Each structure stands twice: as structure tokens, then as C-alpha cells.
Amino acid sequence: MEKVEEFFDRGVLHSGHPPIVDYVTLAASSKNLKAGTVLKSASGGLAPAGDSDTPCAVLLADVPAHSSEATIGVPVVVHGLVVKSRLLDFSSSAEAVASETLTAKLPASGIYLTQGGWSESNFR
């Protein structure tokens with residue numbers, strides 16, 4: 001099992017449930033993708049998902065624009081608990097907060113949502 005602390009995930013993962021992390025290939029993208037981007041299956045790998053798509057993963061690292069498939073292992077969460085406010089939609093020309101329509105589809109793929117993260121102050 002991977003240590004959650006190893007990812008620079010911008011607070012996407014929630015430690016309340018151990019995540020299942022996979023390393024995938026991303027389809028070519030003209031955009032810089034950020035951790036928290038909701039992804040779908042696409043030709044050539046995974047790509048940003050939009051409202052009409054079926055999401056299957058959430059990106060856990062920032063990935064620069066790339067003209068060909070990113071062949072190195074890019075970490076994504078395929079099962080676990082993520083912070084809803086950290087999820088992004090890069091399916092259009094600009095970065096946007098993931099919509100209710102898109103995020104509502106994540107639990108069907110085993111990715112569950114929470115409103116916020118825990119801190120040590122929760123236990124004092």
C-alpha cells in the first residue's frame with residue numbers, strides 16, 4: 001500500500017479511508033492538469049472528464065501539457081475518499097470546479113466524496 005504522504009495531491013485525498021492508487025497513462029493534453037482533475041477512459045489513456053462522461057479516477061499529481069501520451073506512471077486514485085471541494089474539471093478550454101453532475105457519478109466507480117479534510121485539531 002502506498003503512503004498517502006508521498007503524493008503532492010493538493011489535499012485531494014482524505015485519510016479517512018485507505019485509498020487504492022494506480023499508475024496510469026494519460027492521453028495527450030494541451031493543458032496543464034492539476035491534482036484533483038476527474039478523469040475518464042479515453043483513446044490513448046485517461047483524459048479529463050466532463051458532465052456527460054463516466055469518470056473512473058482522480059489525478060493525484062500535477063501533470064504538464066504533453067503532445068503525446070504520458071507514458072510514465074501518473075498516480076491516480078481509483079478507490080477511496082476524496083475531498084469534493086478539491087475536484088477539478090479540465091474537459092473544456094479552462095479549469096473549472098467539478099460540477100455536481102460530474103462528482104455525483106464518482107461513487108459508482110468506488111470514489112467517495114467528503115466535504116472537508118481532517119486536521120489534528122479535530123482530535124483535541
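What follows is a dialogue about how to read this model.

Q: What kind of model is this, and how are its residues numbered?
A: This is a predicted model, in which local features need pLDDT of at least 70 and side-chain atom pairs count only at pLDDT 80 or more, while totals for chains, interfaces and linings use all residues. Residues are numbered from 1 along each chain as its sequence is written, and side-chain values use heavy atoms, with hydrogens and water left out.

Q: What is the mean pLDDT of the chain?
A: The term pLDDT stands for the predictor's confidence in each residue, from 0 to 100. Here the chain has a mean pLDDT of 82, and 81% of its residues reach 70 or more.

Q: Which strands does strand 2 pair with?
A: Two strands pair if DSSP finds at least two bridges between them. Strand 2 pairs with strand 3 (residues 45-48) in the antiparallel sense over four bridges, and Ser41 has Leu46 in strand 3 as its bridge partner. Strand 2 also pairs with strand 4 in the antiparallel sense, over three bridges, where the bridge partner of Leu39 is Ala57 in strand 4. Strands 2 and 3 form a hairpin with two residues between them, and Gly44 in the turn has a positive phi of about 90°.

Q: What share of the chain counts as buried?
A: Buried means under 20% relative accessible area, exposed means over 50%, and partly exposed lies in between (1.4 Å probe, protein chains only). By that rule, 42% of the 124 residues count as buried. One case is Ala35, found in the loop between strand 1 (20-26) and strand 2 (38-42), which counts as buried because its relative accessibility is 2%. The C-alpha atoms of Ala35 and Val63 are separated by 8.0 Å, although these residues are 28 apart along the chain.

Q: Which residues touch the most other members of the largest nonpolar core?
A: In soluble globular proteins, nonpolar side chains tend to be buried together. A nonpolar core is a set of buried Ala, Val, Leu, Ile, Met, Phe, Trp, Tyr and Cys residues joined through side-chain atoms within 4.5 Å. The largest one here has 15 residues, of which Val12, Val38, Val58, Val82 and Leu87 touch the most other members. A second, separate core of twelve residues includes Leu33, Leu46, Leu59 and Phe90. Returning to Val82, the residues it touches include Val77, Leu87 and Ile111, not counting residues up to four places away in sequence.

Q: How many salt bridges are there?
A: Side chains of opposite charge can pair when their charged atoms come close. A salt bridge is a side-chain nitrogen of Lys or Arg within 4 Å of a carboxyl oxygen of Asp or Glu, and by this rule the count comes to three.

Q: Which parts of the chain do Lys34 and Glu95 link?
A: Lys34 forms a salt bridge with Glu95, the closest N and O atoms being 3.1 Å apart. This pair links distant parts of the chain, with Lys34 in the loop between strand 1 and strand 2 and Glu95 in the loop between strand 6 (88-89) and strand 7 (96-97), 61 residues apart.

Q: Are Lys84 and Glu100 buried or exposed?
A: The side chains of Lys84 and Glu100 meet in a salt bridge (2.8 Å, N to O). Lys84 lies in the loop between strand 5 and strand 6, and Glu100 in helix 1 (residues 100-103). Lys84 counts as buried because its relative accessibility is 17%, whereas Glu100, at 55%, counts as exposed.

Methods:
Contact means heavy atoms within 4.5 Å.
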